Amino acid sequence: MRELYADAMTKDISKTEDFKECRQLLEFQAKDQLIMKIEKVIALLNEDSTLLGNVQRNLKDFKIKLENAGLDQIKKTPVKIEIRKRSQLKQKVMEMGTISQSEFEQMRISLLNYLMYEVLSKGLQPPSNNDTKWCFWEIIILTETEARHRVVPRIRAPIHVALNNPHHYLQCVCCKMNSEDQILPTMPDICIAYKLHLESGCLINMYDWLQSFNLIVNPKGAQGVEVDQKI
């Protein structure tokens, strides 16, 4: 069901190969089995009379016709055509090769055509289709790709933004930078260390890294000048 839901949200199911195979399987259904399936569908629709009322009435009509339909093959009376053209010969050959069908088989084809082309093909349209009238469907429905990103989010980019520019999340004046490369002593310590790390190459000298951090956090501390406690 999960795969079916994902397909229904992203593409038109009525145009898939599985949908065509489903119709082919239903074409081999016996009379009793087909009537039983229709009864189950009607029972589900009876739970809510406002849901697909026209479909419910049409299915009841099809059910009655299927119950009364005979299984004997209907013999077609051949039409006598005086063959004078090649097109008339082609039509005659096609009529001779046509397999006669019973009344039940004809009614079964009519039922499947109604369900597949008039009901399901219209009701199974994805919400992303421009022809549908789903307004703001993105708010309540997630596609498979979006759902994967929501469940397993990509946290690397937000962490980089938070460490490289803490003002983006904190919205404090003390962390507001004039340029992206600027390092302010009022930034959180971890942000200062991260920005200094970005300035290094593949290898980093720990002593130089810590000395640079100390100069930014306490630029006048080595000279014995008292540092602002807010820093």
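This is a predicted model: local features need pLDDT of at least 70, side-chain atom pairs count only at pLDDT 80 or more; totals for chains, interfaces and linings use all residues.
Next I looked up what Arg 23 touches once its neighbours within four places in sequence are left aside, and I noted contacts with Ile 109, Leu 112, Asn 113, Met 116 and Tyr 117.

I turned to the largest pocket, for which I noted a volume of about 890 Å³. Of the 28 residues that line this pocket, I recorded Phe 19, Leu 115, Val 119, Leu 120 and Leu 124 as the closest to its centre. The elements that give two or more residues to the lining are helices H1 (2-10), H2 (17-26), H3 (31-46), H4 (53-68) and H6 (103-123).

Which helix gives the most to this lining? I noted that H6 does, with nine residues.

Last, I looked at the protein chain as a whole, in which I listed 12 helices and zero strands. Buried residues make up 25% of its 231 residues, and the chain exposes about 18000 Å², of which carbon and sulfur atoms supply 56%. Among contacts between residues at least 6 apart in sequence, I noted that 55% join residues at least 24 apart.

Notes:
Residues are numbered from 1 along each chain as its sequence is written. Side-chain values use heavy atoms; hydrogens and water are left out. On a 1 Å grid over the protein atoms alone, a cavity is a set of points where a 1.4 Å probe fits but cannot get out, and a pocket is an open set with protein on both sides within 12 Å along at least five of seven lines; lining residues have an atom within 4 Å of a point. Grid points are joined across faces, edges and corners, and a volume is the space filled by probe spheres set on the points. Helices (H or I, at least four residues) and strands (E, at least two) are DSSP runs, numbered from the N terminus. Contact means heavy atoms within 4.5 Å. Buried means under 20% relative accessible area, exposed over 50%, partly exposed in between (1.4 Å probe, protein chains only). Accessible areas come from the Shrake-Rupley method with a 1.4 Å probe; for residues, only the protein chains shown count as cover.
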